[in-house]
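Please keep the structure open while reading.

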Amino acid sequence: MIYAVEEINKNPNILPGISLGYKIYNNCGSMDILRSALTLVSGYESSNTRIMCNSFSSRTVQAIIGHSGSTPTMGIARTVGSFHIPVISHFATCACLSSRKEFPSFFRTIPSDYYQSRALAHLVKHFGWTWVGVLSNANDYGLNGIAMFITAARAEGVCIEYSAAFESTSSHQEILRVVDIIKHSTSKVIIAFMSHREIKVLVEELQKQNITGLQWIGSDAWITDNSLTDSLGHTSLIGSIGFTVPKAKIPGLETFLQEVNPSQFPNSKFIKDFWESVFNCSLRTVMGQRTCNGSEHLKDVKNPFTDVSDLRFTNNVYKAVYAVGHALHNLLSCPQSRGSFSNVTCIAFPQISPWEVSQSLQNVNFITPQGESVFFYKNGDSPARYELINLQHVSEGTMKVATIGYYDASLPIGQQLIMNGIQIVWKGESKMVPVSVCSESCPPGTRKAVQKGRPACCFDCIPCAEGEMSNSTDSLNCLKCPLQYWSNTKGDACIPKEVEFLSYEEIMGIVLLLFSLVGVFFTILTKCIFYCYRNTPIVRAHNSELSFLLLFSLTLCFLCSLTFIGRPSEWSCMLRHTVFGITFVLCISCVLGKTIVVLMAFRATLPGSNVMKWFGPPQQRLSVLAFTLIQVIICLLWLILSPPFPHMNMDYYQEKIILECNLGSSIGFWAVLGYIGLLASLCFILAFLARKLPDNFNEAKFITFSMLIFCAVWITFIPAYVSSPGKFTVAVEIFAILASSYGLLFCIFVPKCYVILLRPEMNTKKQVMGKT
């Protein structure tokens, strides 16, 4: 401060012709500072060190610089605020001091803790620490600072495991209580919003109890304090990181400090004690101790007092003095004053009032000789710029720090914290970023479920339900997959649902295909046998024309089952049921015709009967055509009015799509089946009535048995068809087609083939007519 005052007094561009004077009150850390403030207001008590002004000056000071602590500064600012005397602090950071209502004339050249608390919250979030403990002084600085940090941290999604406050003067039991909280906590990162006195007391006790592995995040009040090396547990602070004001250079200060001499400040007890300590002598004659006379020179010794390599808060004092100088200069420069304050006229030096200095300070905006911009916001705060530093190691009683980043509150959100890429030394001199979370991150495929009664950072990872997914870490909710998609086994992606239909590639489709082709083979083989033996009595006697037509229709029945296998399309859906319905009606019509022929043949043996002329071959062919034409008409109406179509059924299974043929009109489908059932029932009844007619010519009993199988298959088909899901519905229908077709083929034609091939002696007219 003295250096800055003398530098201003030597500068012809600031307050030309006027010298600044000062009074210094140093109570060596005592909180009884209000007496000094009142003395400054009244101007009646001499100070430890002062340079008096000329007779024109008022006894009331124009500005007060200090104090470094927030709590005493609040007392000073409240006291002198009534007199409108500006108070400019270089180190009081409590955000409560930003209230213009309570502290109308308070200014500071250090950023408010409002910004530091947010910077710390951003820092914690940046390194992924979501579970932290917070400790603070039990005073205005600590309690206000930590309260703002907790608010800012929660806004960033950080949870606070515990919060405790104490003082260096607290009882040992209180210190042990805080240590016990740390000992039983699970968080590994601690935010310490306190002074160097409290942190030293704390780490000493932690060292005694061998509690290690903690990552300390410090506030600007202790993070750069070299006195930390005096504590027993200072090594546990290696790896600490925290924000502090930027480092600065003040040219000429080192030389000025080296020229300090007790003769300059004869009333300063501090200089006297300091001198005797540095040079290990006494300024008074003391028996057994070397006497020094003040001729010693500080440049000959290495001492932290003259070390200007790491000026931080010192620069704030420098800026505070310059701010007062510029405020006074603006008041005394009439043209500039009129431009700045419309209510200020030319002011003569003796007429300056403290409230005018305060108003002028509010509007100062200047560049220091080192090129730093200085101005104040409306609430008296200065711009918030910090360096992020890392305590990397201890050397010769000094904490060696490295600047690892910067924080500028004036930049847009998201760009305020900038890391410079320098390697960080973490707790225990580790190179790995420590982890401090209540619960490990939930991987993709799970969602977070907060544990009951615990903070939001403590959660369980619940796997996403089927059909839901989460593709990000720590997802709060699982997203439902779109309608045609389903979650994969990990639950971290939606994949297209499996489309199910009866295909030629699967075993079921291959088996049904083989049975269908075998049926076609046997039908064609039977047709060949009948053709080769077409002139034999057994073939001619059993209506060879209808037999060949029946074999042809059975071939179509076996082949129509193939239309049910494969991916449903618009044409295949329309074809499969209509072809099935028409070919089966053709088949049943042939069997019905054969049954009627049997009945008519025996009726014709009665005397005087000529019934066969009414049901000869033309009538047989016409009846088959008529019965089939009715089914064709039913199918045409079905296809015209409401044809079957491919349909993706997503109702039966959630995880897959059943690709099926929608019937379009259920009435059409059941009309086709009903007509087949009607003809089959009629055929069964007629065959049953003719089963005991005499003569070997009678094949009604074989038709009866075949119709019994046919009806049994299709009656059991109905409940199986209705209850079977997906491709099994199609398989059931194919099975019914194949089973009924095989029943007709084997029951009607196998006995005849047996006689033709294995019992040729029975293939005679006498045997067929039953006359042997």
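The structure holds 32 aromatic pairs. Rings of Phe, Tyr and Trp (its six-membered ring) count as a pair if their centres lie within 6.5 Å; planes under 30 degrees apart are called stacked, those over 60 edge-to-face, and the rest tilted. One of the pairs is formed by Tyr3 and Tyr318, which are stacked at 6.4 Å centre to centre with 25 degrees between the planes. Tyr3 lies in helix H1 (residues 2-10) and Tyr318 in helix H10 (residues 313-332), so this pair ties together parts that are 315 residues apart in sequence. Helices (H or I, at least four residues) and strands (E, at least two) are DSSP runs, numbered from the N terminus. Tyr3 is buried at a relative accessible area of 13%, and Tyr318 is buried at 3%. Here buried means under 20% relative accessible area, exposed means over 50%, and partly exposed is in between (1.4 Å probe, protein chains only).

The pair of Phe91 and Phe313 is tilted, because the ring centres are 4.2 Å apart and the planes stand at 40 degrees. Phe91 is in the loop between strand S4 (87-89) and strand S5 (106-108) while Phe313 is in helix H10, so the pair ties together parts that are 222 residues apart in sequence. Phe91 is partly exposed, with a relative accessible area of 21%, whereas Phe313 is buried, at 14%.

This is a predicted model, in which local features need pLDDT of at least 70 and side-chain atom pairs count only at pLDDT 80 or more, while totals for chains, interfaces and linings use all residues. Residues are numbered from 1 along each chain as its sequence is written, and side-chain values use heavy atoms, with hydrogens and water left out.

Ring pairs also link Phe521, Phe522, Phe558, Tyr742 and Phe746 into a cluster. Rings take part in another kind of arrangement, with charged side chains. A charge sits over a ring if NZ of Lys or CZ of Arg is within 6 Å of the ring centre and within 35 degrees of the ring normal. The charged end of Arg118 is placed this way over Tyr114, 3.9 Å from the ring centre. Arg534 lies over the face of Tyr531, at 4.2 Å from the ring centre.

The protein chain has 21 helices and 24 strands. Strands S3, S4 and S5 form an open sheet in the order S3-S4-S5, with parallel pairing. Strand S3 (64-65) and S5 are at the edges with a single partner strand each, so one side of each is left without a neighbour in the sheet. Two strands pair if DSSP finds at least two bridges between them, and S3 and S4 pair over two bridges. Ile64 stands opposite Val87 in S4. Helix H3 (residues 70-81) lies across S3, S4 and S5 and runs at about 165 degrees to S4. Axes are lines fitted to C-alpha atoms, for helices over the stretch in contact, and angles run from 0 to 180 degrees between N-to-C directions.

The peptide bond from Gly66 to His67 is cis, with omega near 0 degrees, and His67 is in the loop between S3 and H3. In the loop between H3 and S4 is His84, which has a positive phi of about 60 degrees although it is not a glycine. His84 is partly exposed, with a relative accessible area of 43%.

Contact means heavy atoms within 4.5 Å.

A further open sheet of three strands has the order S22-S24-S23 and mixed pairing. Its edge strands are strand S22 (498-500) and strand S23 (645-649), each pairing on one side only. S23 and strand S24 (residues 656-662) pair in the antiparallel sense over five bridges, and Pro646 stands opposite Cys661 in S24.
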